[in-house]
Each structure stands twice: as C-alpha cells, then as structure tokens.
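Student: I have just opened this model and would like to read it with you. Shall we go through it one question at a time?

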Amino acid sequence: MKKVFKKILHFIYSLRVQVLLVLLVISLIPLYFISTSIINVYNNHIINQRAEELKRYGTIISNLIISKGYLLKPYDSSVDTEISEIAEIYNGRILVADENLKIIKDTYNLENNKLVISSEVIKCFSGNEENFTVDLGNYIQITMPIIDSSTQTIKGALIMSFSKSNINLISEKVTDNINFLVAIIAIIIILIAVLYSFFITIPLNRIATSINGISEGNMDVKLDIHGYEEVKSISNSFNTMIDVIQDQEASRQEFVSNVSHELKTPLASVKVLADSLISDEDTPVEMYREFMGDINNEIERMTDIVNDLLSMVRLEKKSAKMQVVNTNINEMLERLIKRFRPIAKDRKIDLIYESFRPVTADIDEVKLSIAINNLFENAIKYNYDGGWVKISLNADHKYFYVTVQDSGVGIPEELQEKIFERFYRVDKARSRETGGTGLGLAITRKIILLHNGVIKVHSIEKEGTTFTIRIPLSYSSAVSEVETVEAPKTPETEVKLDEKL
Ligand code: ADP
C-alpha cells in the first residue's frame with residue numbers, strides 16, 4: 001500500500017506530470033472563461049436586440065394610440081388589433097395605462113380598469129421619457145411613456161412583457177455549439193500537452209539512463225542529445241565529466257600497474273637469492289651473508305617504495321590537512337642543509353647556501369621540509385663527485401623563492417616536464433643504484449601545490465639543474481594563480497646573510 005502511494009507521489013512530482021498540469025491549467029482555464037463570456041455576450045446581445053425591436057413596436061403603438069385618441073375612447077378596433085397582433089407575435093402581454101394609472105387595455109383581459117402602480121410606470125410619468133427594460137428571468141418587461149408629440153406631454157404608459165422562451169431556445173443552441181467547439185479545442189490542447197510533456201522528458205530520461213550505466217560500470221557512454229539549450233549544456237557537462245572519470249580511471253590503472261612493476265623487480269631478486277640459498281645446501285657462510293645482505297637491500301628498497309606511496313596517498317587525500325605555522329624559513333633551510341653535509345662531504349660536493357633576507361612565511365614545516373629535502377637529495381644524487389650544490393633563499397612582498405642549483409648530470413629538455421610524474425626516472429639504472437623510487441619529485445610538487453606554490457625546473461645536460469620554488473608568504477586555502485616563477489633579481493650590493501654554513 002505504502003509502495004503504491006509512493007509511486008503515485010513520484011508520478012505526481014515528476015517533471016512530466018508537472019509540465020502537463022501547468023500546460024492544462026494555463027490553457028483550459030482561460031478557454032473556459034473565454035467560452036462562458038462569449039456565451040454571455042451573445043445572450044445579452046440577442047436579448048438587447050429583441051428589446052430594441054419591441055421598443056420600436058412600442059413607439060409605433062404609442063403614436064397610434066395618440067393619433068387615434070385611444071386613451072379617451074379605448075374601443076378603436078384598429079388600435080386593438082395592432083396591439084393584440086404584436087402581443088401575439090412576440091408571445092407576450094401588453095398593458096395600456098392612461099394618465100390616471102388606470103389600465104384601459106390588457107391583452108390578457110385580466111387587469112382591465114385596475115390601477116397600475118409600479119416604480120417604472122411612476123418614473124415614466126415623472127417626466128422621464130426613457131424606456132425601462134427589466135429582465136425578469138423568463139420574460140422581459142419594457143415600460144415606456146405614451147407621449148403626445150404635438151404638446152410634448154405624457155398621456156399614458158405602455159407596459160409590455162414578453163417571454164424569453166424562444167430567445168432561450170436560440171441561445172441554448174448557440175451555447176451547445178460553442179461548448180462542442182470548446183470540447184474539441186480542449187481535447188486538442190490535452191493531446192498536445194500530453195505529447196509535449198512526454199517529449200520534454202525524453203532527453204532527461206536518456207541522461208538518467210546513461211548515469212545509471214556509469215554506476216553499473218559502463219564508462220563507454222557519451223551523450224549526443226539534441227534539444228533545448230539547457231539539456232544540451234547538461235549533456236556537454238556530462239560528457240566532460242565522463243572524460244574526467246575516464247582519465248582518472250586510466251591514471252589509476254597506470255598507477256597500479258606502475259606500483260606492481262616497481263615492486264616486481266625487488267621481489268624477483270629476493271626470490272632468486274632465496275631460491276639459490278635453499279637449493280644449495282652447502283652454501284658457505286660468507287655467501288650466505290652476502291645474499292642475505294642483498295635480500296636486505298631489496299627489502300629496504302621495497303620499504304622505501306611503500307613509504308613513498310603512503311606519503312603520496314596521504315597528500316592526495318582531501319583530508320591532507322595543512323598544519324600552517326608562521327615559520328622562519330632561513331632557520332628551516334639551515335637545519336635541512338646541515339643534515340646533508342656528511343653525504344656531500346663524502347662525495348666532495350660543495351654545499352653553498354645564500355640567503356638574501358630573513359624570511360618568515362606561513363607554511364606546513366613538516367611537509368615543506370620533505371619537499372625541499374627531496375630537491376637536496378636529488379641535487380647530490382645526480383651530481384658528479386667534486387661538484388657543487390647552491391641553495392638560495394629570497395623573497396619579495398608576496399612570495400619567497402628557494403632555488404636548488406647543482407652542477408650535476410642535468411635532464412634532457414624533452415624530459416624536464418616528465419620528471420614530476422610518478423615513477424618517472426630519466427636513467428632507471430642510475431636511480432635504482434642511488435635508491436631512487438621515482439616518487440620524490442611527484443611528492444615535492446604535490447606539497448608545493450598544497451602551499452599554493454609553483455615549482456619549475458631548468459636544466460642543461462651534463463652541466464646541471466636548477467629547481468626554483470615560489471611560495472606565498474601568507475597561506476590561503478584558495479588556489480594560487482598560475483604565473484611564471486622567476487626569482488627576483490637580487491642586486492649585487494645586497495648583503496648576503498649566510499655565505500656558507
Ligand atoms: P628518484 O627517486 O628517481 O630520484 P624523483 O622523482 O626524485 O625520483 O626524480 C625523478 C627523476 O628526475 C630522477 O630519476 C632523475 O632522473 C631526475 N632528476 C631529479 N632531480 C634531478 C637533478 N637534480 N639532476 C638530474 N636529474 C634529476
């Protein structure tokens with residue numbers, strides 16, 4: 001029972017029914033009022049026409065009464081005949097009253113010699129020459145003065161009542177005809193409204209079907225709906241959304257396949273090493289150690305990949321909350337650089353830090369440290385022994401800029417945009433050797449974007465690479481506008497706070 005009720009409610013609230021109801025209301029109600037007012041106007045018109053006709057006859061009778069002196073000698077047969085004939089033709093009754101309000105002629109012979117006292121008759125005698133027409137439902141009554149035109153005096157009154165039955169007959173016929181026409185127009189309107197309300201919802205139903213298709217996993221739906229502009233625009237937005245979903249799906253699949261691929265190599269190595277240890281029973285202890293060491297390295301590598309993946313996922317999440325604190329950037333960079341000193345020293349790489357002014361900015365220190373750490377790590381990893389890494393910090397009124405420049409192997413120009421993609425490595429072998437996962441720069445870029453910042457790379461092969469990041473000094477959760485990320489030119493005379501740590 002509840003279900004049926006719900007179904008009925010859904011049906012009533014459907015666009016189709018709403019459109020249908022609106023169309024019917026705005027067309028049938030005016031149609032009804034127009035038709036009834038046409039009928040009323042027509043009825044009034046034929047009644048007025050009949051009244052005018054009778055008034056004309058009334059004037060003729062009045063003139064005859066005066067000319068024949070009928071009021072003084074009410075037995076002139078020619079006047080009697082005329083009055084009776086007219087009363088008969090119009091199926092009515094005519095009364096003639098003299099100036100003493102005495103009825104001298106009644107075609108029904110019921111009120112002869114009686115006095116007539118009606119407001120209309122009294123008005124007639126009060127000098128008002130107008131005729132009085134009263135519609136009394138089934139009959140019309142016209143009261144008019146009998147005027148002697150030679151003396152312009154009112155000599156009596158003529159009271160004519162006529163049945164409306166034959167007029168009603170005509171008006172009923174006309175009303176029937178009009179009602180028949182209105183019924184046909186109403187049927188046509190209803191048909192058009194039903195068809196229109198049916199067609200108007202077809203494109204919407206097609207969109208709904210396609211959306212249902214997506215929830216069932218069918219991504220191969222594209223809408224090509226012609227119709228009114230709004231539906232076209234929904235259809236275009238829908239297609240754009242499908243494109244985005246398809247892109248996301250492709251990137252998800254690529255990501256999963258990349259992750260599997262990355263983990264496959266260390267897993268295969270571990271398997272080969274373990275197999276050879278298992279199959280050879282007399283493996284010397286040294287070899288055992290060596291193989292176990294290799295297995296350990298591979299496990300470490302997999303741990304690195306998994307940790308980087310976890311960081312990525314955390315950053316991708318909408319809930320990646322920014323713990324923004326006003327931080328001294330100079331101190332933060334100094335701390336980070338200090339950690340790299342031993343590794344740089346090992347490879348005889350010179351680590352130079354220059355800061356052009358004290359900078360404090362609203363940043364998430366933990367996240368930004370990871371991002372900048374990755375840049376330092378790469379600058380050393382992809383450098384030549386005995387090379388240099390220059391780190392600089394500058395700011396203007398809106399942004400601060402960190403550049404990490406190295407004298408390393410560089411990146412071919414055509415690959416410079418790709419290095420920010422997940423798992424992309426220019427030289428797989430070298431990256432693997434140095435323990436790279438191919439996720440570092442993807443993480444770095446994500447973190448910079450979370451700070452509404454921009455990261456750019458400039459590199460010349462075999463000469464070196466420069467990464468520049470630009471981050472707003474004050475954090476806002478709004479998305480940053482895309483601009484070029486040129487560090488401000490620093491005048492030579494400007495005092496450097498730190499030449500070397
Ligand atoms: P990886 O873990 O391999 O270092 P990254 O995402 O940090 O991954 O870097 C992606 C690739 O970009 C690296 O494999 C390397 O080929 C290249 N790259 C990054 N930084 C530098 C740099 N300073 N100099 C030369 N090549 C670099």
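**Questions on the model**

Student: Is glutamate 229 buried or exposed?
Tutor: Glutamate 229 has a relative accessible area of 53%. With a 1.4 Å probe and protein chains only, buried means under 20%, exposed over 50%, and partly exposed in between. Glutamate 229 therefore counts as exposed.

Student: Good to know; what pLDDT must side-chain atom pairs have to count?
Tutor: Residues are numbered from 1 along each chain as its sequence is written, and side-chain values use heavy atoms, without hydrogens or water. This is a predicted model, in which totals for chains, interfaces and linings use all residues, local features need pLDDT of at least 70, and side-chain atom pairs count only at pLDDT 80 or more.

Student: Are arginine 425 and glutamate 262 buried or exposed?
Tutor: Arginine 425 has a relative accessible area of 9%. Glutamate 262 has 6% relative accessibility. Both therefore count as buried.

Student: What span should α7 have?
Tutor: Helices (H or I, at least four residues) and strands (E, at least two) are DSSP runs, numbered from the N terminus, and α7 covers residues 229-279. The expected span of a helix is 1.5 Å times one less than its number of residues. The end C-alpha atoms of α7 are 73 Å apart, which agrees with the span its 51 residues should have, 75 Å.

Student: Where does α7 kink?
Tutor: The bend at a residue is the angle between axes fitted to the seven residues ending there and the seven starting there. In α7 the kink is about 25° and comes shortly before proline 266, one of the buried residues of the helix. The kink lies at lysine 264.

Student: Why is α10 described as largely enclosed by the rest of the structure?
Tutor: Helix α10 (residues 365-381) reaches 24 Å from its first C-alpha to its last, close to the 24 Å expected. It is largely enclosed because, of its 17 residues, the number that are buried is 13.

Student: Which residue caps the N-terminal end of α10?
Tutor: A polar contact is a pair of N or O atoms within 3.5 Å; within protein, one must be able to donate a hydrogen and the other to accept it, and residues adjacent in sequence count only if both atoms are side-chain atoms. At this end, a side-chain oxygen lies 3.3 Å from the backbone nitrogen of valine 366. That oxygen belongs to aspartate 364.

Student: What accessible area does the nonpolar surface patch with Ile12 have?
Tutor: Patches are made of residues with over 30% relative accessible area and no salt bridge, joining like charges within 9 Å and nonpolar side chains (Val, Leu, Ile, Met, Phe, Trp, Tyr) within 5 Å. Isoleucine 12, in helix α1 (residues 2-12), is partly exposed at 38%. Areas come from the Shrake-Rupley method with a 1.4 Å probe, and for residues only the protein chains shown count as cover. Val4, Phe5, Ile8, Leu9, Phe11, Ile12 and Tyr13 together have about 740 Å².

Definitions and conventions
A salt bridge is a side-chain nitrogen of Lys or Arg within 4 Å of a carboxyl oxygen of Asp or Glu.
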